Amino acid sequence: MTPRWHRYAFLALALLLVAIVLFPIYWMVVTSLLPSSIVLSRQPPLLPPPDQISFDAYAEVFHRRPVVAWILNSAIVVAGSSVISLVVATLAGYSLSRFHTPAQRVAGATLLLSKMLPGSLIVVPFFVMFTALHLTDTLAGLILANVSVGVPFATWMMKGFFDTLPRELEQAAKIDGCNELQALWFVILPLARPGLAACGIYLAIVAWSEFVFARTLVTKPANWLVTVGLQSFVGEYLVEWPLLMAAGVVSLLPMFVLFVLLEPFLVSGLTSGAVKQ
Amino acid sequence: MKPWFRLITALAAALVLGSAPGGAAGQTVLDFPTWQAEEPGVSTWWKSLIAAYEKQYPDVRINLQQIPFNQFVKQMTVRFAAGTPPDIVHLPSRDFASFADQGWLEPLDERLKSTDIPAMWPPLQADMMWNGKTQGVLLMGYGGMLFYNEQRLKDAHVAVPKTPDEWLAAMKATTAADKGLFGLSTITAEHPNMVVEMASWVIGSGADWLKGGRYNFTDPAVVRAVDQWRQSVGYAPKGTNSATARQLFVDGKTAFLRDGPWVWGAVEKASAEMKPSLKITGLPFPVEPGGASNSLHIAAKSDARKKDAAWKFIVMAASPEWQHAYALTGSPAPRKNTLTPADFAAKPYLKVINDEAARAQNLFPTVPAVRAGYNDFATQVTKAGMRMISTQDSTPKVLADLQRDLERELPLK
Amino acid sequence: MTAVPRRRRLPVRDRWLAYGLLAPACVAVALLVAWPLWVIVQMSLRPGRALELTKLLSQPLGFANFDRVLAQPSTWAAFGHSLVYTGGTLVPAFALGLGAALLFHRTFPGRRWLRSLLLLPWAVPGVIVSIGFLWMFDASFGVVNSVLRRVGVLSTDVAWFVDADTAMLAVILPTVWKSFPFFAITMLAALQGVPASLYEAARVDGASPLQQFRHVTWPGIRGSAMLAVLLNALWTFREFDIVFASTGGGPAGATETLGILLYREAFGSFRFGTAAALGVLMVATALVVVLLGYRWLREETR
């Protein structure tokens with residue numbers, strides 16, 4: 001057993017680390033709560049003076065732009081692309097894990113290829129293809145674009161995860177009268193839940209952060225995602241830091257809530273095997 | 001198209017929320033992306049122009065889209081490259097030639113014949129010529145303006161400058177970096193408008209960095225002017241782009257701002273205590289630097305019906321009534337004699353904006369090869385500018401390197 | 001190449017199942033990865049400035065784009081910047097991630113919540129990261145300069161993102177901040193896979209904590225660590241958002257990485273052909289690194 005004082009020493013160390021790491025986010029919040037006159041000073045107060053705190057910047061953000069709509073758009077794209085990627089990747093990952101086919105090597109290469117292509121270049125062929133399919137300016141187009149990033153990596157993760165589950169499980173299920181698909185559905189998938197969750201969070205984070213596709217494939221402000229909308233505050237005529245920071249904080253919140261709630265799955269899911277050889 | 005392809009499309013389409021607006025049957029929808037849909041002042045003009053247009057032509061609807069300026073040209077490039085250009089094309093005029101050079105814009109000479117635009121537009125309209133054809137209608141030609149904070153000048157006991165040297169001295173007198181106060185708001189970060197700032201000093205001094213169709217960066221007059229620009233940057237906060245530069249001026253942190261007249265709309269939004277101090281006047285240069293700002297075009301690829309509808313929109317924008325409304329927003333309208341003495345009496349700043357626009361010399365390159373490759377040119381000049389801001393390298397050395405790089409990257413025969 | 005162990009051919013029924021399950025992924029990959037890549041390779045082989053793809057793709061084939069890209073000094077400068085940026089990000093991000101993982105592998109009160117908070121930067125989009133850091137490191141009104149002045153470290157304002165000497169550091173910092181959680185998570189997962197019995201055995205043998213790390217922990221997590229480094233290296237090598245939104249490659253090209261240069265060629269100079277050539281070269285470089293890294297990784301973990 002770890003001695004008691006050790007545990008508190010670790011706690012202190014962890015608190016310090018977290019404080020340093022979270023300072024940029026803290027500073028965004030502080031800036032968003034103060035008026036420009038204090039923000040633009042040579043000695044900005046590290047703790048916001050309570051009597052100066054105001055939520056005006058937030059009111060202004062919501063008043064000026066359809067931030068809620070952007071967050072909803074982002075949520076739709078994140079949910080859509082994560083679910084599609086996850087379904088496709090689970091099937092593929094299972095196949096790659098259980099059946100040795102030449103496809104395996106191709107799959108590995110594809111994963112790496114997709115990680116290497118610069119998004120700012122691949123967006124050009126995407127734009128051509130999506131225009132032909134009338135998918136530009138739609139969230140569906142963005143979902144597909146994110147699937148292109150998500151599927152290869154998620155397949156790899158899920159294969160790694162399935163590799164850790166013994167094959168005897170399916171053999172036992174088959175003896176009980178299941179066919180292969182039933183074995184996958186009733187036996188393997190329930191056991192794969194941590195891996196699915198980990199993979200899902202990973203996909204969600206990547207899709208939520210994505211910028212180049214969202215910027216290029218959608219032009220109508222009504223269909224903008226959060227990242228693009230936020231950037232539009234920067235490209236504006238004037239830049240008011242409190243406003244910009246407020247917009248930033250607002251666009252971070254949904255993902256933070258999701259992340260803090262689901263983060264344990266991420267570690268436990270990865271522990272069970274994914275992202276391993 | 002393969003059946004599964006269609007299936008995917010159908011499935012995807014089912015997922016879409018708030019998909020493309022249907023539009024009544026037979027209605028023409030014109031796509032009109034601009035960076036000005038939310039700009040204080042001029043956006044109101046666009047919106048009322050569109051409303052009037054849709055009223056006059058009920059079978060046409062205009063889909064106005066806001067795209068931030070720093071993304072705008074890239075976004076247009078992608079759309080043209082993919083073969084889906086907008087129907088009403090609004091471009092920063094400095095980028096016009098790059099687009100025209102691709103054959104993306106519709107020649108307008110035939111259509112212009114039936115209008116008074118050739119007669120009533122200023123000489124800057126000639127900028128819209130490419131390959132011997134007029135390919136656009138100038139929407140704004142301007143002269144650069146000097147915005148200043150009267151209170152800050154008073155506190156430092158300096159007068160409104162009339163020469164570049166006086167201006168530099170005034171910047172120095174108003175700078176107190178340890179208090180977070182600066183003499184000048186200007187672009188000190190990688191930003192497309194840095195070229196405009198530098199060119200203002202060069203053209204303003206009467207020099208020319210593109211003389212007789214050649215790069216002329218080693219000319220002592222050019223070096224001197226660029227060196228003055230470099231001094232001025234020393235009085236400005238570092239790492240500012242055009243938006244933060246304006247914001248700092250509006251917040252009273254800087255004493256001077258060189259910018260286009262349209263910024264007046266933003267300055268008028270300053271806080272009540274700051275607003276009375278913020279003034280506008282002409283730049284303290286012997287030559288007034290300015291140029292074509294932005295222009296309207298029709299995409300060569302649009303179908304005939306949309307081209308006609310877009311042209312009607314341009315004609316309406318160029319009509320005396322709408323030009324007058326445009327000039328009242330603070331941006332100089334290209335049509336001659338648009339503003340009346342009564343307008344000047346009501347809003348005196350319009351007079352100085354108008355006068356400066358009238359005497360402005362083009363600060364943008366006029367050499368065709370540089371116009372077609374404007375972004376390459378701007379990239380190199382900005383690079384040299386950033387080098388002068390961020391290193392100790394001497395100005396003549398940086399400019400000599402710039403001359404060499406440009407001759408290699410963008411040769412002028 | 002190592003010899004592929006001979007496998008028995010799959011029974012027909014299994015083969016159907018194997019490929020059936022793979023089919024959706026294959027469609028997605030063919031449509032969304034392979035086809036765009038094919039277009040890019042084609043673009044790279046068409047010299048000329050035509051931007052419209054239909055026009056560009058009807059031009060004669062040639063290697064002029066590659067000639068141009070390989071000849072211009074900015075390519076090599078950008079390549080160097082990409083290497084510095086990737087290396088400069090990976091080393092501290094890995095160290096920080098591993099350190100955090102070792103700490104959070106211990107038990108202490110509040111661990112679950114603190115861990116979630118620590119990993120939060122991962123969920124922050126690159127665009128927002130750069131806006132936040134630009135503001136913190138602002139020369140005149142930034143909190144970092146203010147604190148450094150107050151402490152007495154600085155007497156003048158350092159323009160972190162604008163000064164040629166500090167700009168690379170300034171873009172690396174936010175990148176480290178965003179990427180260390182990935183290492184922390186993978187290392188944490190790997191640590192939990194190291195059997196506790198090994199530590200007990202080591203302790204019985206009287207191994208010091210450092211020796212325990214060298215002989216028990218590190219061998220147990222090395223495979224995952226190397227894979228994480230490899231994946232992250234690829235990600236950082238082509239990273240675009242953070243640099244673009246903070247310095248845009250400046251000042252005077254000091255932070256111009258390959259991703260930024262490519263973007264400038266395509267959308268600034270209207271040369272899709274050379275941009276595509278640059279992209280193909282980037283992929284090729286990365287591919288070489290990956291193949292070398294992958295082989296080494298397999299030997300390491302065998």
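Helices here are DSSP runs of H or I with at least four residues, and strands are E runs of at least two. In this predicted model, chain A is built on that count from 13 helices and zero strands. Along the principal axes, the C-alpha atoms of chain A take up a box of roughly 75 × 65 × 30 Å. Buried residues account for 58% of the 277 residues in the chain. As for contacts in chain A between residues at least 6 apart in sequence, 81% of them link residues at least 24 apart.

Chain A also touches chain C, and the contact draws 81 residues from chain A and 81 residues from chain C. On the chain A side, the helices that each put in at least two residues include α1 (4-33), α4 (67-98), α7 (139-163) and α10 (193-209). The biggest giver is α13(A), with 16 residues.

Over in chain B, strand β11 (residues 254-259) is worth a look. Six of its six residues are buried, so β11 of chain B is largely enclosed by the rest of the structure. Strand β7 (residues 145-149) of chain B pairs with β11(B) in the antiparallel sense, over four bridges; here B:Leu146 has B:Arg258 as its bridge partner. Strand β8 (residues 182-185) of chain B pairs with β11(B) too, this time in the parallel sense and over three bridges, with B:Phe182 standing opposite B:Thr254.

Note on methods
Residues numbered from 1 in each chain as written. Chains lettered and ligands numbered in written order. Predicted model: local features only at pLDDT ≥ 70, side-chain atom pairs only at ≥ 80, totals over all residues. Buried ≥ 20, exposed ≤ 12 C-beta atoms within 10 Å, placed from the backbone. Contact = placed C-beta atoms within 7 Å. Pairing = 2+ DSSP bridges.
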